[in-house]
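Let's take a walk through this model, starting with a single side chain and then stepping back to the whole chain. Keep the 3D view open as you read.

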Amino acid sequence: MDYIYEQPPEQLLQGLLPRYIAARIYRMLADSSAAEHAARMTAMDSATNNAGDLIESLTLEMNKIRQAAITKEIIEVVSGASWSA
């Protein structure tokens with residue numbers, strides 16, 4: 001089949017080629033931006049999870065220390081009461 005163009009094919013190509021190249025460059029930049037946002041989102045999610053794990057670990061450690069201090073005070077009170085009796 002032979003197509004009939006309104007403009008000569010060379011002139012049509014000269015008009016379309018710059019637009020095609022500009023669209024390809026825009027798509028590459030958009031893909032790059034989307035990849036950067038995805039990487040940042042993944043990094044922030046990982047940081048949030050790590051912070052949660054750290055909070056849990058520190059809370060457990062503080063509870064152990066508090067429990068040890070309470071146990072020590074109870075032992076001191078009991079020891080003091082036994083000396084009095």
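Is lysine 64 buried or exposed, or does it fall in between? Lysine 64 is partly exposed, because its relative accessible area is 48%. The cut-offs here are under 20% relative accessible area for buried and over 50% for exposed, with partly exposed in between (1.4 Å probe, protein chains only). Lysine 64 has its place in helix α1. Count 16 residues in sequence between lysine 64 and threonine 48, and you find their C-alpha atoms 24 Å apart in space.

A word on ground rules: this is a predicted model, in which local features need pLDDT of at least 70 and side-chain atom pairs count only at pLDDT 80 or more, while totals for chains, interfaces and linings use all residues. Residues are numbered from 1 along each chain as its sequence is written, and side-chain values use heavy atoms, with hydrogens and water left out.

Now step back to the whole chain. The protein has one helix and zero strands; helices (H or I, at least four residues) and strands (E, at least two) are DSSP runs, numbered from the N terminus. Helix α1 covers residues 9-84. Along its principal axes, the C-alpha trace spans about 115 × 20 × 10 Å. The radius of gyration is 36 Å, whereas a compact globule of 85 residues would come out near 12 Å. That radius is taken over C-alpha atoms, and the globule rule is 2.2 Å times the number of residues to the power 0.38.

What about a buried interior? Of the 85 residues, 0% count as buried. The protein exposes about 8,200 Å², and carbon and sulfur atoms supply 63% of that. Areas like this come from the Shrake-Rupley method with a 1.4 Å probe; for residues, only the protein chains shown count as cover.

Look next at the stretch around alanine 23, which is found in helix α1. Alanine 23 counts as partly exposed, because its relative accessibility is 43%. Twelve residues along the chain from alanine 23 is glutamine 11, and their C-alpha atoms are separated by 19 Å. Leu13, Leu17, Tyr20, Ile21, Ile25, Met28 and Leu29 form a nonpolar patch on the surface, with about 720 Å² of accessible area together. Patch members have over 30% relative accessible area and no salt bridge; nonpolar side chains (Val, Leu, Ile, Met, Phe, Trp, Tyr) are joined within 5 Å, like charges within 9 Å. Leucine 29 lies in helix α1 and is exposed, because its relative accessible area is 57%.

Finally, the charges. There are 7 positive and 11 negative side chains, and the centres of the two sets lie 5 Å apart. Lys and Arg count as positive and Asp and Glu as negative, leaving out His and the chain ends; each charge is placed at NZ of Lys, CZ of Arg, CG of Asp or CD of Glu.

A search of the whole structure finds two salt bridges, meaning a side-chain nitrogen of Lys or Arg within 4 Å of a carboxyl oxygen of Asp or Glu. One joins arginine 27 and aspartate 31 (3.9 Å, N to O), which sit four residues apart in helix α1, about one turn of the helix. Arginine 27 is exposed at 52%, and aspartate 31 is partly exposed at 45%. Glutamate 36 and arginine 40 also meet in a salt bridge (2.6 Å, N to O). Because they are four residues apart in helix α1, about one helical turn separates glutamate 36 and arginine 40.
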